[in-house]
Amino acid sequence: MSDATTPVLELRNVSKVYTIRQGLFAERKSLRAIDDVSLKVERGGVLGLVGESGCGKSTLAKILLGLETPTTGEVLIDGEPVGAQDRRKLARRIQPIFQDPYSSLNPRKSIADIISLPLRVHGIGDAASQDKAVREILDIVGLPARVMNSYPSQMSGGQRQRVAIARALIMKPEIVICDEPTSALDVSVQSQILNLLGELRREFGLTYLFISHNLAVVEHLATRVAVMYLGRIVEEASVAGLFDHARHPYSQALLESVLTPDPALGVPDTQLGAAYPNPIAPPSGCHFHPRCPKALPQCSSVAPRPLTTADGRIECHLFDEEKAEPATA
Amino acid sequence: MTETRDPILSVRNLTLDIPVGGGTLHAVRGIDFDLARGETLCIVGESGSGKSLTSLAIMGLLAPRIERRADRLEFDGVDLLKAGPRKMRSLRGNRMSMIFQEPMTSLNPAYTIGDQLTEALLLHRNVGKKAARDRAVELLEKVGITAAASRLGQFPHQLSGGLRQRVMIAMALMCEPELIIADEPTTALDVTIQAQILRLLVDLQREMNVAMILITHDLGVVARVADKVAVMYAGELVETGPAGAVFGQPTHPYTRGLLRCIPVPGKTERGAELGTIPGIVPSLVGDVSGCPFRTRCEEAVAACRGAIPLRHRSDDAHAFRCVHETGMATAEVSA
Ligand SMILES: Nc1ncnc2c1ncn2[C@@H]1O[C@H](COP(=O)(O)OP(=O)(O)O)[C@@H](O)[C@H]1O
Ligand SMILES: Nc1ncnc2c1ncn2[C@@H]1O[C@H](COP(=O)(O)OP(=O)(O)O)[C@@H](O)[C@H]1O
Ligand SMILES: [Mg+2]
Ligand SMILES: [Mg+2]
């Protein structure tokens, strides 16, 4: 049912609502972590997902991996709804690289066991070839072969992150969900990992969802970018479209915060006065209006509707007029 | 490094040794720098290079088993090598203060923001509770915290990460210190909050003419904030100088390598191969000699195992440690 034009990854109107209770006797409240998100990722593409902490990036990653079920909406891989796919088959197609490797590495297993586990679970190769594969992937992620017999607690944070990356890549998956994969790494290691992810993508036609708070890294690696704010995608565009001509005021503020290594420039003033809002009580109208330097009167009362642009989508009242004249594509 | 006139902090040949299972870890070796009032020095280097230990050594907060030696470690004429625990306590939080990466670990969860803000002032200065509270409110407002008076009764866990870091900054400023050491103060924060916090630090530092050491692994932060830069690798300062010079003419192979590793928007071609520094940091346990970077250096030659000269670029304040006159082996051949 899939063909060359079917997106390898698709979300249709996905929402995730958590019910939480702050304190023992407090009433239950709902927290909309993901709010009506629709996205498509084409085969071999890299969708960068950016936004401040708490906006819902990791929740989206978990939904794609089948670790969380969406409250409403559906996720499709190669055109097939995820719920209908065999979980073991799904695991060979889609693999995660998480932000915090410490909590995801079994402290009682050796590094060699941790990395080769997916191979053993799926019965790929014999002991000798698994050992060889582990050595190769260790070399690729910049770890010496002697760590094979070490345990996670004996490694630095950076080394543990490399183990987590090795474990995901050893399966040569189709889709890799990278949630801040290089955030704990030193820049000299980060660049090796970014080069590696780029190489693997070109060589095997891999598809990535790439979550990072480092916008320069996203610009470097992604083909398309989605900007998230309080669970909603407020702008989605090609890399050139977003990084050269960001349109949403929030996208613009994020880009202004990037500190390029230019000693002639000082620290920018992003004009994002107020703090990130409480997700349990999101601001009325456009969620971004209390921090928006360009807010219009209607922004505090009316939620903007998603508009299709030549290059993607945007949700902002500043662009309402464009709705009358649909973008040429 | 060349002498700074009238430095408030002067460090010469600072060396830190840590006894470990297999011998001695030579974590910091022969560090020199000077810092004047109103100046910001950024120490940049990868994790484990010795940045935090260097700052703890200055503040007198090293674990007792770590051996600290130096030819000079002076803060405004006070010899810190001779200062006992009492003397150090009277300096810390008073004339010199520190801001850590994770405020949750340095703020006490059991005490209110107000108690923690006023503690140092009540300890070091002859002021009453009311005056201390007023000062706390004044500083919370200064660091951009709204409804400052009502925050005094709150506990650290009731604040967001960005707000806690602002409280840490306010706390560091309570006694109008002359030296602030900020160790990765924005590493755990969002880029938007990072920009706000850095702006705040830089503005306050200028306004109060404080000397600041800002430790980071982020070259973007360094470029935007530093007057002077010190690039640290495996316990040594391999290149030091004014920010414009170090970024304009990076000379040590490690500095040049680091700058090639990061994608720079508008400069690096999107998707192009990034520079890398293959290999891993050497073990610093046991006998450490020669250039610590030689095992990963493209320019390495046999002489790198021996003594490494300190060299200066045309700008005298810009120094680097390398056997090659220009930091490059190839340039020498053609010269
Ligand atoms: N299991 C959960 N239960 C309740 N709330 C959650 C849960 N997981 C995430 N959240 C909330 O959902 C929002 C989005 O979180 P997350 O996806 O982790 O954001 P990000 O990865 O962008 O930092 C946050 O407000 C977070 O507190
Ligand atoms: N208390 C300690 N005991 C043993 N080793 C330590 C201790 N503190 C730091 N080290 C080691 O000293 C080196 C420098 O550490 P640190 O100054 O924390 O580095 P940085 O702040 O640059 O990441 C590292 O190799 C670290 O493992
Ligand atoms: Mg996350
Ligand atoms: Mg440190």
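**Figure 1. B:Arg92 sits in the loop that joins α2 (85–91) to β7 (96–99) in chain B.** Helices (H or I, at least four residues) and strands (E, at least two) are DSSP runs, numbered from the N terminus. This is a predicted model in which local features need pLDDT of at least 70 and side-chain atom pairs count only at pLDDT 80 or more, while totals for chains, interfaces and linings use all residues. Residues are numbered from 1 along each chain as its sequence is written, chains are lettered from A and ligands numbered from 1 in the order in which they are written, and side-chain values use heavy atoms, with hydrogens and water left out. Setting aside neighbours within four places in sequence, B:Arg92 is in contact (heavy atoms within 4.5 Å) with B:Met59, B:Gly60, B:Leu61 and B:His124. Two of these partners are reached through polar contacts, meaning a pair of N or O atoms within 3.5 Å; within protein, one must be able to donate a hydrogen and the other to accept it, and residues adjacent in sequence count only if both atoms are side-chain atoms. The side chain of B:Arg92 comes to 2.8 Å from the backbone oxygen of B:Met59, and to 3.3 Å from the backbone oxygen of B:Gly60. For a sense of scale, 33 Å separates the C-alpha atoms of B:Arg92 and B:Val288, which are 196 residues apart along the chain.

**Figure 2. Helix α4 (residues 113–124) of chain B packs with helix α7 (residues 161–173) of chain B.** Two packed helices are described by the angle between their axes and the distance between the axes. Here the angle is about 25° and the axes are 8 Å apart; axes are lines fitted to C-alpha atoms, for helices over the stretch in contact, and angles run from 0 to 180 degrees between N-to-C directions. That makes α4(B) roughly parallel to α7(B), on a scale where angles under 35 degrees count as roughly parallel, over 145 as roughly antiparallel, 65 to 115 as roughly perpendicular and the rest as oblique. The crossing of this pair, α4(B) and α7(B), is right-handed: a crossing is left-handed if the near helix is turned anticlockwise from the far one by less than a right angle, and right-handed if clockwise. From α4(B), B:Ile113, B:Gln116 and B:Leu117 make the contact, and from α7(B), B:Val167, B:Ala170 and B:Met171. Sorted by class, the residues of the contact of α4(B) with α7(B) are 5 nonpolar, 1 polar and no charged. In this sorting, Ala, Val, Leu, Ile, Met, Phe, Trp, Tyr, Cys and Pro count as nonpolar, Asp, Glu, Lys and Arg as charged, and the others, Gly among them, as polar.

**Figure 3. α4(B) also packs with helix α5 (residues 129–142) of chain B.** The angle is about 130°, and the axes lie 9 Å apart. α4(B) and α5(B) are therefore oblique to each other, and their crossing is right-handed. On the α4(B) side you will find B:Leu117, B:Thr118, B:Leu121 and B:Leu122, facing B:Lys129, B:Ala132, B:Arg133, B:Arg135, B:Ala136 and B:Leu140 of α5(B). The contact of α4(B) with α5(B) divides into 6 nonpolar, 1 polar and 3 charged residues.

**Figure 4. Helix α8 (residues 191–208) of chain B and α7(B) have axes that come within 10 Å.** Their axes cross at roughly 10°, so α7(B) and α8(B) are roughly parallel to each other. The crossing of α7(B) and α8(B) is right-handed. Residues of α7(B) in the contact include B:Ile169 and B:Leu173, while those of α8(B) include B:Leu200 and B:Leu204. By class, the contact of α7(B) with α8(B) has 8 nonpolar, 3 polar and 1 charged residues.

**Figure 5. Ligand 2 is surrounded by residues of chain B, among them B:Ile18, B:Glu46, B:Gly48, B:Lys51, B:Ser52 and B:Arg65.** A residue is near a molecule or strand if one of its heavy atoms lies within 4 Å of it. A backbone N or O atom of B:Gly48 is 2.7 Å from an oxygen atom of ligand 2. In the side chain of B:Lys51, an N or O atom lies 2.8 Å from an oxygen atom of ligand 2; for the side chain of B:Ser52, the distance is 2.8 Å.
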